[in-house]
Amino acid sequence: MKRLLLATALLAAPMLAPPSFAKNLAADAPKINPAKLSAHIKVLSSDEFEGRGPATAGEKKAVGYIVEQMKAIGLSPAGDVQKDGKRAWTQNVPLGKFEIQGPVNAGVTVGGDKQAWTQGEQIAVRAAMTNVDAVSIKDAPIVFVGYGVKAPERNWDDFKGLDVKGKILVVLINDPDFETGSGDFGGKAMTYYGRWTYKYEEAARLGAAGVLIVHETAPASYGWNTVKNSNTNVMFDIVRKEPAKQHPSLEAWIQRDTAVELFKKAGLDFDALKKQAQSRDFKPVTLNGATFSADYKVKHETIVSKNIAGRIVGTKYPNETVIYSGHWDHLGVGAPDARGDKIYNGAVDNADGIAGILELARAFKSRPAPQRSILFLAVTAEEKGLLGSEYYGANPLFPLATTVGDINIDALSAAGPAKDVGTSGDGKVDLQDMLVAKAKLHGRYFTPDPAPQAGHFYRSDHFPFAKRGVPAISIGSGNDLVKGGKEAGEKAEQDYTDKRYHQPADEWSPDWDLSGQAMDLGLVYEIGADLANSRVWPKWQAGSEFKALRDKTAAQRK
């Protein structure tokens, strides 16, 4: 679940003063109907939609439903330009699709003793995304490389010149600062160096044969079930000319207990080495007498998935675009849970976000057309690595330089109204401060991320916009519930994370209270309406790594 990640917002920034009509707009804003939200979620997360996996029958049903709703609401198609010059409702997103065929034979040999690891139990192996038909690794040396970080700007290098070619790297999840809360990586707040995606990318750059990320619930911010369900499924990636520069042959996670046992058999203390890895003086440690082997087949093909785009054309500045985004996909059909359920319905994650986009569109269509255009964008393959939004960022339907901002909606709470609200990530961006101001106007408040170490900023579809300079936020529901306060809210969130997130149990319920979602959507409606009816260009603030990128295109915004 993608939630909050930011420091205290500042209300004093001069440009953040809302347009003069903002207070009147708040009073006059159309109300989002919780019953309509529930109806969308019920359909999109039904078993009939088979978990909305990309390139499945579930995708066709999901795309069909969303397009049908956009048409009924009165949006204009805003997808790919067709031969006749008109736009389609969808944007084609070519993706590599990778799936393990048959069994995964994996394990280690230590001191001559062989130990098999079972897929989904001790190890979670991802289908190789290097366009190979099979992966075969025989007795590769194993090296512990700490957090697997090369960060020259922090004078940090976990590899110390080690030649990793042909080796299997054992890597810790998160940043070196996670355990102590202080150091060169910003303390508890995760940097990109802490993300699992970075661990694989760096290993590929250095030519390693593979990576075993050690799963620990606290630094990963999710349990083994999430890792297992996400990584033993069908994999997708954007189509790459040289995929081996991005992916090593083997990408996998292993359980902490599995790593501890492996280290012990090799005569090493996992916890002691983990502590050493928190220092820049750490040096890689070879697991003497230990080797890793794996053998499995991979089916790979190129498929075309769909982003869905509906638009309200601006009356005065049609080439300037406010975007509301959210991902329509989920995990599809996968490994059964204890009940034997194989369908990963994805009700909260993220049928509710798509419901939100549709009802925001309905709200805007109930009012006169805005001065700027508004794009309602439902993206594919978020669960496979933000691939739909990444593709849009690389191939925008409307210029990024004149995109006012992106407001992303992902996994809002179904636990009822909250006194607070948040965002996913401290982007140091004016949009965040606008959200704070709107919340205050409605008697609500903003809560910083209680778990900055989880790296939520990098885990939602606003990120591909942000890294290209477009101001972007992803809204998150608050936990200070009107009924039950913070205790009830935190309990509800933990219950969802433990029992439903990325599991078949993420299903629609008639018992939900979606009035809180409606309130949250009301806030972002008002932000979008302010932006769409003004000359305000939100900015990245001082200290943001994305400010320079946005500033390069300043001349295109007047």
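Asn350 sits in helix 9, which spans residues 347–365; helices (H or I, at least four residues) and strands (E, at least two) are DSSP runs, numbered from the N terminus. The bond between Asp349 and Asn350 is a cis peptide, with omega about 5°.

This is a predicted model, in which local features need pLDDT of at least 70 and side-chain atom pairs count only at pLDDT 80 or more, while totals for chains, interfaces and linings use all residues. Residues are numbered from 1 along each chain as its sequence is written, and side-chain values use heavy atoms, without hydrogens and water.

The largest nonpolar core has 77 residues, of which Ile66, Leu360, Phe376 and Tyr392 touch the most other members. Helix 9 is the top contributor to this core, with ten residues. Such a core is a set of buried Ala, Val, Leu, Ile, Met, Phe, Trp, Tyr and Cys residues joined through side-chain atoms within 4.5 Å. Buried means under 20% relative accessible area, exposed over 50%, and partly exposed in between (1.4 Å probe, protein chains only).

Leaving aside residues up to four places away in sequence, Ile66 touches Leu44, Ile308, Trp328, Ile354, Leu358 and Ala378 (contact means heavy atoms within 4.5 Å). A second, separate core of 49 residues includes Ala140, Leu250, Ala252 and Leu273.
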